[in-house]
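This report looks at nonpolar packing and ring contacts. Please read it beside the structure shown here.

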Amino acid sequence: MENIKKRKASATEGLDRVDGRLKVTGKAKYSAEYNTKGLVYGVLAGSTITSGTIKTIDAKAAENAPGVLAVYTYLNSPKIPGYQDPPTQPKGPFRIFDDNKIYFNGQPVALVVADTFERAQYAATLIKVAYDKASFQTDLKSNISAGVSPRNGKDYVKGQEDAYKTAPVKIEQEYILPTDVHNPMELHTIIANWDGDDKLTVWDKTQGVLGTQRSIAQAFKLDPKNVHVISPFVGGAFGAALRTWQHEIAAVMAAKALKKPVKLVLSRAEMFTAVGYRPYTWQKMGLGATPDGKLVGITHEASGQTSMYEDFTEGTVNISQLMYACPNVNTRYRLVSLNVNTPTPMRGPGEATGAIALECGMDELAYALNMDPIDLRVVNHADTDPQTGKPYSSKFLKDAYQLGADAIGWKNRNRKPASVTENGWLVGYGMGTGMFGAYRGAATVLARLLADGTLDLETAVTDIGPGTGTAMTNIASEVMGVAADKISVKIGDSALPPSPTQGGSSVTSTVGSAVNDACVQLKEKLKELSGTAEGGNLSYAQILQAHNLPQLEVTVTSKSSPEAAKYAMYSWSVHFMKVLVHPTTGVVKVDKAVSVADCGTIVSPKTARSQIIGGTIMGTGMGLMEEAVIDHRYGRLVNNDFANYHVPIQADIPQLEALFVNKPDPYINPMGAKGMGEIATIGVAAALANAVFNATGKRVRDLPITPDKLI
Ligand code: MOS
């Protein structure tokens, strides 16, 4: 009881979400809800084969079905102007309706547009496609030997290659992470409406309105300023909306051809094949140490899957180059092209996968050394960046280990596996570390003070869920001394001052800095106007009124300083798990989870907590449940729905604790705040696997750890 009270108190500290009420009352408008006048509806039809070519398409019945306005296929679709450019690389993004080739199962082969969604959906079932089938490969595990180095990719070698092999104590193990799918609650959606021959508005689910603007402008050869992208609310994305996908291009094409606004909402099944996923990845980890636990060699290999038409790479092995002090480190990364759609970044892209091999490997090494896994990490703590030798801008990882160990009750852990039970369940503790680059880009913010003393902030950035508007309000309130309820934030529109795509845990750092700098400048201007050092006794509103000003505004661009380049900047996390495993059924229950983040100053406590526990939940899915399964006989997904693709629900998740070191980073930005979106997930799955080993003595190296693997 005492504990719950304490946690609740910390969860209610700070500002509520500024858009929370709008979201829970349904007043927040998402892309699919802009039902503009004359709207028509697009539905895609997908390939039922996995590789080959389209022989014939019979769209007659669909075209004649009630309410159907058009059926587009590669045979009749208007050419996308940007597709006429030669590809910039040997492989390139998938080009919808461009030719008759089939690269993966579910690839769109037709777009039906009708006057209602249901009629479009029905007509799509009437399209008959005949194919010439070709052979295909969809299984990474049986194609690892076909892996190639990505273009320009060199194997990383520091010191001696494969040094772990001759170390006094060593482990060498293989790990599998299957395909995980972002599956945000909100389906990917676009409404495209041409306002003229060379001008359009789109309401789109996107992580970056300016990125979408650029992509559409490029595809349709338009001046970017003629593409207006609106996306004020996004119902989760996790990386799936970082780029512009082909369903968006198809909707824009159809809207132009029909001279009508077209809405296209992907189905849940299409969310598995149209907007990327975390790629199926095989990894091999070799770790060698002296008997007192000093690392002498790290070798990390990974093979990830990509599509036949495009290379997707991520920094899966990079975490092993960066995490620990070790004289000999080498990594190899390979791509295997399969008949699947292209993967895309998913929360902690690369590192979240790599941390499974590194942090499970460290746990296995700790057992081989008969050492505490935290002690092993502290012994090998990197005091400077192992790759560049640069000093860190800030790093309080050891504090994070201590905070987390205390909160989970690490002292209750028995090193001997399968030695503790509670009410008939096996008890285990495990931990895993995460890290991710702390970035800051450039952003422009308009800050406007009105005569009634209220403050408006405007910038193009989207909020995919972490609470960007709330964080901006917190920062502005602090700098200006204006109450949060007097501040309004306008975001998610390409017509607003430019700011970056929401990704790479960089928005609070980047856009928050611009908010900070704009507010500082606005305050300066007010000071000048008031003619006194601290504004005398006049309120901001009184200063404006005294000068007969209806408003005062500044537009400020803010970016990282060259000084920052002298430092290695990373955010750090440590995840602790206490699990219960049922000895006969193999069911794993998370009994308690504690995640500690070292990510500089916390500017928005409530949304920061939500961000961290959201990442813990996603990592729990990776560790225990999530897996998109392909039947390799047909090359087709068998669980592309929420009944069969399992994600954690309330009953799977106990009270989660999010703790923050909360010490400012002196170099990254004026707030001292580093990103936390990715480190929230990186290391969680490893902590779970390590806890399950501690509970059972069984090392499951192919995730997810489903009950069948434990009995
Ligand atoms: Mo994130 S994978 O940068 O949306």
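Is Tyr439 buried, partly exposed or exposed? Tyr439 is partly exposed, with a relative accessible area of 45%. This and the other values here come from a predicted model.

**Aromatic pairs**

The count of aromatic pairs comes to 15. Two of them are set out below.

| Pair | Arrangement | Centre to centre | Angle between planes |
|---|---|---|---|
| Trp410 and Phe576 | edge-to-face | 5.5 Å | 75 degrees |
| Phe436 and Tyr439 | edge-to-face | 6.1 Å | 90 degrees |

Trp410 and Phe576 are 166 residues apart, and their pair links distant parts of the chain. Trp410 sits in the loop between helix H10 (397-408) and strand S16 (421-422), whereas Phe576 belongs to strand S22 (residues 570-581). Trp410 is buried at 9% relative accessibility, and Phe576 is buried at 1%. Phe436, the partner of Tyr439, counts as buried at 7% relative accessibility.

Ring pairs also join Phe94, Tyr103, Phe104 and Tyr309 into a cluster.

**Charges over rings**

Lys29 lies 4.7 Å from the ring centre of Tyr34, over its face. Lys395 is placed over the face of Trp572, at 4.2 Å from the ring centre.

**Nonpolar cores**

The largest nonpolar core holds 89 residues, and Phe576 is among those with the most contacts inside it, together with Leu287, Leu365, Met577 and Val579. Helix H8 (residues 351-369) supplies the largest share of this core, 10 residues. Apart from this core lies another, of 66 residues, including Ile80, Ala120, Ala254 and Ala460. Residues touched by Leu365 include Val169, Ile171, Leu287 and Leu376.

**Cysteines**

The disulfide count is 0. Cys519 is buried at 0% relative accessible area, and Cys599 is buried at 1%.

Key
Residues are numbered from 1 along each chain as its sequence is written. This is a predicted model: local features need pLDDT of at least 70, side-chain atom pairs count only at pLDDT 80 or more; totals for chains, interfaces and linings use all residues. Side-chain values use heavy atoms; hydrogens and water are left out. A nonpolar core is a set of buried Ala, Val, Leu, Ile, Met, Phe, Trp, Tyr and Cys residues joined through side-chain atoms within 4.5 Å. Buried means under 20% relative accessible area, exposed over 50%, partly exposed in between (1.4 Å probe, protein chains only). Helices (H or I, at least four residues) and strands (E, at least two) are DSSP runs, numbered from the N terminus. Contact means heavy atoms within 4.5 Å. A disulfide is a pair of cysteine sulfur atoms within 2.5 Å. Rings of Phe, Tyr and Trp (its six-membered ring) pair if their centres lie within 6.5 Å; planes under 30 degrees apart count as stacked, over 60 as edge-to-face and the rest as tilted. A charge sits over a ring if NZ of Lys or CZ of Arg is within 6 Å of the ring centre and within 35 degrees of the ring normal. Lists of a residue's contacts leave out its neighbours within four places in sequence.
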